[in-house]
Amino acid sequence: MPMVTYDMISCAKCSFPFDCRILGFSSGLGPPVIVCPVCKSLIHTDRQEWDDFSENQRQKYLGYTIFYTVAVGLMGGFASEIAHHCWVYGIEKNGIFFDVLLPASLLWAGTAIAIQIYRVHCSLQRYSHHRYRPYTGGLFFNCQVDLQFKVCIVLVALVLGGLGLSKLKIMSGGSFHP
Ligand SMILES: [Zn+2]
């Protein structure tokens, strides 16, 4: 069975995991120093700001953006399709349906592109306004680090949410599409 490996990157002092890399992937963009949201010590990430990127690194970021767009589009599309299937047809109904696969995939792909552009925008802002200030993002709700983990959480929540809602619908006597 193929193994999906990932690296958890944690604060050296309190072990709070602040970043994760699936299969070692990292676009390399982000704040070079962040304040640990738990113990407040400074963490040196291996990320760099856009202005410090070489031409090679910018091309690499573009490559990652294309890859993320396709991967997130497909995974998000299928997760949405599963959630939709559970809600409309019920868990019991077998078969493959592609009711929302295309629009959902496009929506997810568009979101991935928007996030990647937003990250560059944030990086440029940080660089011009407070280049030497360590980044103090929220514990979870920021778009700057640990995005792979967050996207995985959202996708799992989408599928589980679809299953849960379908169960609720059964319990409350709701009917499904025949
Ligand atoms: Zn810490």
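Biologist: What should I keep in mind before we start?

Modeller: This is a predicted model, where local features need pLDDT of at least 70, side-chain atom pairs count only at pLDDT 80 or more, and totals for chains, interfaces and linings use all residues. Residues are numbered from 1 along each chain as its sequence is written.

Biologist: What makes up the secondary structure of the protein chain?

Modeller: You'll find three helices and four strands, in the order β-β-β-β-α-α-α along the sequence. Helices (H or I, at least four residues) and strands (E, at least two) are DSSP runs, numbered from the N terminus. The C-alpha atoms fill a box of roughly 60 × 35 × 35 Å, taken along the principal axes.

Biologist: Why is C14 called partly exposed?

Modeller: Count C-beta atoms, placed from the backbone: a residue is buried if 20 or more others lie within 10 Å of its own, exposed if 12 or fewer, and partly exposed in between. C14 has 13 C-beta neighbours inside 10 Å, so it counts as partly exposed. C14 sits in the loop between β1 (6-10) and β2 (17-22). For the protein chain, 21% of the 178 residues count as buried.

Biologist: Which residues is C14 in contact with, leaving aside its neighbours within four places in sequence?

Modeller: Those are C36, V38 and C39. Two residues are in contact if their C-beta atoms, placed from the backbone, lie within 7 Å.

Biologist: Why do L23 and K40 count as exposed?

Modeller: L23 has 11 C-beta neighbours inside 10 Å, so it counts as exposed. K40 has 12, so K40 counts as exposed too. L23 lies in the loop between β2 and β3 (33-35), and K40 in the loop between β3 and β4 (42-44).

Biologist: What is the phi of L23, and of K40?

Modeller: L23 has a positive phi of about 55° although it is not a glycine. K40 isn't a glycine either, and its phi is positive, about 70°. Here's some background: most residues other than glycine have a negative phi.

Biologist: Why is α1 called roughly parallel to α3?

Modeller: Axes are lines fitted to C-alpha atoms, for helices over the stretch in contact, and angles run from 0 to 180 degrees between N-to-C directions. Angles under 35 degrees count as roughly parallel, over 145 as roughly antiparallel, 65 to 115 as roughly perpendicular and the rest as oblique. The axes of α1 and α3 come within 7 Å and cross at roughly 15°. That makes α1 roughly parallel to α3.

Biologist: And what makes α1 oblique to α2?

Modeller: Their axes come within 7 Å too, but cross at roughly 140°. That angle makes α1 oblique to α2. Among the residues making the contact are Y68, V72 and G76 of α1 and A104, W108 and A112 of α2.

Biologist: Which hand does each crossing have?

Modeller: A crossing is left-handed if the near helix is turned anticlockwise from the far one by less than a right angle, and right-handed if clockwise. The crossing of α1 and α3 is left-handed, while that of α1 and α2 is right-handed.

Biologist: What do the buried residues of α1 pack against?

Modeller: They pack against α2 and α3; Y68, V72 and G76 are among these buried residues. The buried residues of α2, including A104, W108 and A112, pack against α1.

Biologist: Which residues make up the largest nonpolar core?

Modeller: A nonpolar core is a set of buried Ala, Val, Leu, Ile, Met, Phe, Trp, Tyr and Cys residues joined through C-beta atoms within 7 Å. The largest one here has seven residues: Y68, V72, A104, W108, A112, L147 and V151. Two or more come from each of α1 (55-89), α2 (101-130) and α3 (147-171), and α2 gives the most, with three.
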